[in-house]
Amino acid sequence: MSSAALLAMQPDPSEDSLNSSAGIPRQRAALRSVPASGKPGDGGLDDPLRLGRAMRLRLLAAVQALLADPSIAGQSDVARLAAVVLYAKSRAPKGAKNDNQTSIWVAELGRWMGVGESTVNRRVLVPLRASDGLHTKEKRNAKGRPTGLECLVMPLWNARKSGGAAHPLALSKAELATLLRLCEALFGPGWTPEDKEPTPPGLLAGRTGKGAATDRLGLLLMVLNTRASGWLQLCGGSVKAKEGRGAATLARLLGCSPSGARKVLARLTEAGVVARDHRDTATRMRGKGRVMLLPVARAYGRTPASVEAVSGLGTVFSQRPAGAVGDHAPAAAAGALGASGIGGAEEAGDAAVQERPDGAELHADHASVVTPVVPPQLSGGFSGEGRGGEGRRPGRACVREDQAVDGESAVAGSGSLVAGADPLRGEKPTKSPVDEQEQAGTIAAGARAGARLTVVGGRKTQQQGRPELPADLDLRVALAPVSWLWRGLNRWQQDRVVEAAKVELAQLRNVLEWSGQAPSALAARLTSRLEETGGEALVTRPFGWITRRGLVRRPSCSDVRCDDGVRLDTGADCDNCANILHSRRAWRVRIAAEVDQELPGLEQDARYREIEARMRRHAEAEAAGLVARQAEAREREAQAAVERERAAAEAAARQAVACQECGRERSAGLCEACGHRRQVEVLIGEAGLLAAAWSADLTDQVAVAAVVAEVRTAIEDAIAAAWAQFQEITDPAALAAAGPNAVEDAAAYNAVLTAESAAAEYRHEALVMLGRSEEAQAEARKAYATELAKPWFQALPDSDDAQRAATGAAAKAQTRTAEHLLAVRLEQLHTQDSPAPARAAAWSRRLPELAARPLDGEALEVTA
């Protein structure tokens, strides 16, 4: 039932006193504001939950009118609760001025609802602005700093503008204050001002996270539908047996499904603000179900001792005696019943709540066959509770009579062991009571052993799954959004879900920049999938939904980081998807232009079909091209693998070749020591040429050879000295233990280091000496003069800056000249060392010589 229909069931607030048409004026004495000193549930006169009947109905009508507004209806529970909170905090109009604004921080609004700032921005402000249910404006002080967010609830503004004081939303200042104090008492975050008394937090202030806003909104609506006795006014009619009448009532108040309301009711019961009970009857059978709002009952001092004693432990039920089946509540036990449903007469001392409408006939007692072997069930057992809200008949008279009521028991069997077949209904039993008793005994023994078995589909049994999530922390975080669906899986299904979750977590760790974000990313994916489905209650096949829809990644493009068009690593929109969409749109425009050019004057429908046909052909061509490219990529990958294997084989073959100089095995043709010796020879020759480049006459080969021999001797002596020093500081035993070739390799490496150092020293000495040459000095003087001749140094050529710049330019020119001279002289020396290639003689000179040579026997035979 919608909120509008539920509002129509309520008594008119104008009828809380005698009818005005009878000439007696209305009494508004019950409409009062609640002082701030009262605490919820203390039972004092200042208790915010101690509302008069007229005030309660007035606030109920206002809240329901707000939630039924087109801009608010259909929104999420957190958005609807935010609208109620902002409505309660709105200012009452002053005179003819319609000023209903309120100022609040986004973080403070989130504390009211038990959510964070991001949730308020994403799920409250954005949808309410889009539906024109809320107008906001950032409020700033004189210095331009933000001091809050000005909010205007548009249903209230429209109500005061059109309907005036007669509209249900047009509450007075005292009524708005009473509603605000009620919200503070139920779920206010609490404040501790410096110069005022602290405001304690509400009853549900500590309830945060998923479902917090739904629990708060449900508690507020139930309190406004609760009389002074503390018992919630339950709805009439037929309801589902599994959820119960309390859940059906809360579902109509919240506008959600009964299964979802049942979970909200269970959370409120666990929080200690709601207690569920069944009345005891004279025949000791289960009576009518009741729901008590404990804070309201405590505010009036009317909480029953039996309910108060166990209110913190969960739901309270009276135990059903053996054999009690069906709704056996005699009229005598019920006493004088008032009006049923929401909106019945409110009396302070009447704690009975009608669970069936007036005049509803009771079923006949079903005879008990034997004493039940199962424990007394905590269910209602009403055979008329399984038909839902449409009032239809079930397919069979026994449909859903074996289901639990209020979700408190897995099996709500009847007193008879032949519960599925009743002779009174013309059915034949398929099992004897003895078989049922033996089967029940087996199940009870299995339950005592720790393996719970449930009957499914005939005589097959399956082992129920574990109620708790896996012990692994990553899996617990990832599967937390589907914890309720997890309990409905058996052991085998739970193991498969764990395997699938581990696979997805491994893929996410490879994609995300920080692997620790994988569990939270998978949990966010499951949460978004549940929002698409509409909640856990709408999932009919939990195992298939989790493994095939909830956990799997749905890429919109070829990028491995894409999931539903969102990047997994950054959370932003996927750029590749945007590029694909842009490309497809461009192709559509191009194809449409081609159709208009080739087929002018085509009708609109025919033009559309032609464009779609060409787009399909283009898509098929792209798909074929993608398949071809993938095949080509696979071929290239296979060829690359073959090339890598071939290169590895060649490297292994080269490694097996012995050294060409010393014959050491497996040296790849040249061992380490021989390679170092070759490098030393190259370095010694280069050092000799560097020394000869400045100290010898380059045209005199004898002088150059003498310098090179002198350098060789010096470097060889340095190598010997360095090796002797190395042997002095090294333990010979440790060097010998390193391997048979360790001494030879160490000596060769020591020679390379010494030769490299000597070659570097000879190169530096050659540059210094060539820098002192006349050519280098001349270049330095030219650079010095050129730098001083620059315009910015002509005025003060003797200044420090001018002299520093000129000296630097001269040093650079001198160094460049020395390097050039060295490169030229080294090239000349290398040319002299390498012999010139012999030039081939002309054919005019070679042919006579070849013709004079005698031919051998074979050549003569060929010539003949």
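These entries record what I looked up about aromatic rings in this structure.

Entry 1, basis. I worked from a predicted model, in which local features need pLDDT of at least 70, side-chain atom pairs count only at pLDDT 80 or more, and totals for chains, interfaces and linings use all residues. Residues are numbered from 1 along each chain as its sequence is written, and side-chain values use heavy atoms, with hydrogens and water left out.

I searched the whole structure and found five aromatic pairs (rings of Phe, Tyr and Trp, the last by its six-membered ring, with centres within 6.5 Å; planes under 30 degrees apart are stacked, over 60 edge-to-face, the rest tilted). I noted that W112 and F187 form an edge-to-face pair, because their planes stand at 80° with the ring centres 6.2 Å apart. This pair joins helix α4 (residues 106–113), which holds W112, to helix α7 (residues 173–187), which holds F187, across 75 residues (helices are DSSP runs of H or I, at least four residues).

W191 lies in the loop between α7 and α8 (212–224), so the pair ties together parts 79 residues apart in sequence.

I recorded the charged end of K263 over the ring of W484, 4.3 Å from its centre (NZ of Lys or CZ of Arg within 6 Å of the ring centre and within 35 degrees of the ring normal). The charged end of R290 sits over the ring of W231, 4.0 Å from its centre.

Definitions and conventions. Helices (H or I, at least four residues) and strands (E, at least two) are DSSP runs, numbered from the N terminus.
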